[in-house]
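Hello,

Here is the structure I promised to pass on. My notes on what turned up follow below it.

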Amino acid sequence: MKFLGPIFQQTLQGEHSKVDYSKPPASPAPAKANSAYTGTYANNYYGPMTVSAQGGQLTMQLGPKKQRFALRHYEGDTFSYSTTGEMSVGLSGVTFTVGSGGHADKVRVENLDTTGLGTFTRND
């Protein structure tokens, strides 16, 4: 079983973000108004996700337990959040794609996208 140790460690390290979200850029591009990001999104694999603003703070709610995660602005339309649970990978990115209408059409949750399934599409 000793041979599996390096393979398991490599798998876990592959899920950590290549971006250090704890250190934002010196002059980050500003975020849009919270209303550009708030709404409900859908994903065939992970289910629904709701992004809301409470007291000026964006939060993301997803999963069968409808866990809430605070989103912290990183740069432009990219935010970060702290992952939780047994497969926690620390801070991970949440990047919105804002369409010509001024609202996000989709959002990519980085740590859920390791197999290409982490993009949620607006459905409201």
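Predicted model: local features only at pLDDT ≥ 70, side-chain atom pairs only at ≥ 80, totals over all residues.

Residues are numbered from 1 along each chain as its sequence is written, and side-chain values use heavy atoms, leaving out hydrogens and water.

Searching the whole structure gives eight aromatic pairs (rings of Phe, Tyr and Trp, the last by its six-membered ring, with centres within 6.5 Å; planes under 30 degrees apart are stacked, over 60 edge-to-face, the rest tilted). One of them is Y21 with Y74, an edge-to-face pair at 4.9 Å centre to centre and 70° between the planes. Y21 sits in the loop between helix 1 (4–15) and strand 1 (39–43) and Y74 in strand 5 (residues 72–75), so the pair ties together parts 53 residues apart in sequence. Helices (H or I, at least four residues) and strands (E, at least two) are DSSP runs, numbered from the N terminus. Y21 is buried at 8% relative accessible area, and Y74 is buried at 14%.

F96 pairs with Y37: the ring centres are 4.7 Å apart and the planes are at 45°, so this pair is tilted. Y37 belongs to the loop between helix 1 and strand 1 and F96 to strand 7 (residues 91–98), 59 residues apart. Y37 is buried, with a relative accessible area of 0%. Ring pairs also join Y37, Y41, F79 and F96 into a cluster.

The largest nonpolar core has 18 residues, and those touching the most other members include Y41, V51 and F96 (such a core is a set of buried Ala, Val, Leu, Ile, Met, Phe, Trp, Tyr and Cys residues joined through side-chain atoms within 4.5 Å). Beyond residues up to four places away in sequence, V51 touches Y37, T38, G39, Y41, L58, T59, L71 and F96 (contact means heavy atoms within 4.5 Å).

Lastly, D113 lies in the loop between strand 8 and strand 9 (119–122) and is buried at 15%.

Best wishes

Technical notes:
Buried < 20%, exposed > 50% of the residue type's maximum accessible area, 1.4 Å probe, protein only.
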